[in-house]
Amino acid sequence: MTLQTIKTTPYADQKPGTSGLRKRVTVYQQLNYVENYIQAIFDSLEGFAGQTLVIGGDGRYYNDVAIQKAIRIAAANGFGKVLVGQGGLLSTPAASHVIRHYKAYGGLVLSASHNPGGPEGDFGIKYNIGNGGPAPEKITDAVFDRTKVIDSYKTLDTPDIDLGKIGTQQVGDMVVEVIDPVTDYAALMETLFDFDAIRALFKSGFTMTFDAMNAVTGPYAKAIIEGILGAPAGTVINGVPSPSFNDGHPDPNLVYCKDMYDLLMTPEGPDFGAASDGDGDRNLIIGKNRFVTPSDSLALLAANAHLAPGYKGGIAGIARSMPTSAAADRVAEKLGIEMHETPTGWKFFGNLLDAGRVTICGEESAGTGSDHVREKDGLWAVLLWLNILAVRKQGVDEIVREHWATYGRNYYTRHDYEEVDSAIANALVDDLRGRLSSLPGQVIDGLEIAYADDFTYHDPVDGSTSAKQGIRIGFKDGSRIVLRLSGTGTVGATLRVYLERYEPADGQHDLDTQEALAPLIAIIEKLAGIQKRTGRTEPSVIT
Ligand code: VG1
Ligand code: CO
């Protein structure tokens, strides 16, 4: 075994986005692309000599190759130990838990989340800090700066680790321990939820389907839902992780889970449907005849969390990303607890969670989680829903309706325009940004604009500021339009338009969502000219 210092040249495009560095696999396959990025991460950190690093991924194509490189570079840089999931697998929330549970220095999560996989698909690398959460901007900025000047990386000339074998192996002076990816996570879930009540629910004949989308959640869902909780075999579908997700798109939304949605809308369908994404941090919740929007799900989980043992003392506060609907705000107001609005991306919740100021966090993009880890957690959300259903002994639809009758309903939709020419998308956003100050007071189609700005977040814990986080246009009647560019796409630009309108508790709760929001859709077309500029006649995805 010899320590090697290999000369390299920088890549200009290694700027981490909303959640790590996501690129096409073919980009990652370039000479030293992985090595440069991982060395740049380690170069931006201090004090890890002899410490533990967690490595895991969602099992997508190129995971196996990247993990072996990461292990050698970690050993050459002086880590004392690497904890890695068997087969290289760890869901994102499980990786977060393993970092916290074993007091690791940090972790590398190898995933491009909900992006498609396979040789033509996407790959990603994300660094998480010792609290288990995504590195804050201070670190991701430093990593990007380092990638621009990096001229060498350190590695060892050792053979590959056998990732199939549980137990310890040696790489140079470093120990590699291959652990079961599910055990610690399942034990954590058992401390949070009333598993007896959920077992009784399944015994009573309650039926469910969980779509793991051929991604990482399969082994977790099978072990917990079918194994520990006793749901019948076959409850978990698409439960074997596949490097290409069986050529599917592991994004649990109404486009890629349309079959499940259709099934839940029929009398023969199960009582409850759920799904998770590529790396297991997102969730989709569908009850019989009722799709629950992620924004509503956040509000409902916050309002009912006390029904689960892990939250029986109540919650300290709620945080949501800025584009997420204000449904959760009404719950926080009623509970008299703190409410925070953060930029898109889980990294902004970490400080609030660490400071004990919030317990539950969520994003409109189907991410919900709590202070049990520092990532969003798909299966956690599903289990909390099951716990609530088991205790309240009501169906999803009934619970949702009661919620609206108490707090009112925030009609909500997101329109995505994917793979738009970057120059066109940037110009569209820049033009609108330039006109924001003239918008307040204007009346368009009978709706008066109350405020218009580009969201700047001031972190109340560490005082840091994050600017240009998305354009917000608010109306006098409480409606809101948000517009921003995605930070996770890998081809061209993805323009996201978020639309929201509030109906009070005694208002109309049965309108079609797209119809209820049609006036706002017309207004943003007038203000931003999306269809005119992009040539698109409709969004690529409506959620
Ligand atoms: C999207 C979502 C955001 C989420 C991020 C990572 O980011 O909008 O809410 O945190 O994906 O989720 P963007 O920048 O494309 O809008 V995951 O499950 O892909 O790690
Ligand atoms: Co994800």
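Select ligand 1 and the shell of residues around it: in this predicted model, that shell divides into no nonpolar, 10 polar and 9 charged residues. The shell has 19 residues in total, and those that come nearest are T18, S113, H114, T488 and R496.

Next, show the side chains that make polar contacts with ligand 1. S113 places a polar side-chain atom 2.5 Å from an oxygen atom of the ligand. For R484, the corresponding distance from a polar side-chain atom to an oxygen atom of ligand 1 is 2.6 Å. For D281, an N or O atom of the side chain is 2.9 Å from an oxygen atom of ligand 1.

Which residues coordinate the cobalt ion? The donors are S113 (OG), D277 (OD), D279 (OD) and D281 (OD), at 1.9 to 2.1 Å. In sequence, the spacing of the cobalt donors reads S-x163-D-x1-D-x1-D.

Now select the cysteines C257 and C361. C257 counts as buried because its relative accessibility is 2%. C361 also counts as buried, because its relative accessibility is 0%. For the model, the disulfide count comes to 0.

Move to the loop between β11 (236-237) and α9 (258-264), where N238 is placed. The phi angle of N238 is near 50°, a positive value in a residue other than glycine. Further along, F245 lies in the loop between β11 and α9, and its phi is also positive, near 55°, again in a residue other than glycine. Is each side of this pair buried or partly exposed? N238 is partly exposed, because its relative accessible area is 35%. F245 is buried, because its relative accessible area is 1%.

Finish at strand β1, residues 3-7. How many of its 5 residues are buried? The count is 0, and the strand is hardly covered. To find its partner, select strand β7 (residues 152-156): β1 and β7 pair in the antiparallel sense over 5 bridges. One bridge to pick out joins L3 to L156 in β7. When viewing the side chains here, recall that in a regular strand they alternate between the two faces of the sheet.

How values were computed. Residues are numbered from 1 along each chain as its sequence is written. Chains are lettered from A and ligands numbered from 1 in the order in which they are written. This is a predicted model: local features need pLDDT of at least 70, side-chain atom pairs count only at pLDDT 80 or more; totals for chains, interfaces and linings use all residues. Side-chain values use heavy atoms; hydrogens and water are left out. Donors are N, O and S atoms within 2.8 Å of the metal (3.2 Å for Na, K and Ca); water is not among the atoms, so sites may look incomplete. A disulfide is a pair of cysteine sulfur atoms within 2.5 Å. Buried means under 20% relative accessible area, exposed over 50%, partly exposed in between (1.4 Å probe, protein chains only). A residue is near a molecule or strand if one of its heavy atoms lies within 4 Å of it. A polar contact is a pair of N or O atoms within 3.5 Å; within protein, one must be able to donate a hydrogen and the other to accept it, and residues adjacent in sequence count only if both atoms are side-chain atoms. Ala, Val, Leu, Ile, Met, Phe, Trp, Tyr, Cys and Pro count as nonpolar, Asp, Glu, Lys and Arg as charged, and the others, Gly among them, as polar. Helices (H or I, at least four residues) and strands (E, at least two) are DSSP runs, numbered from the N terminus. Two strands pair if DSSP finds at least two bridges between them.
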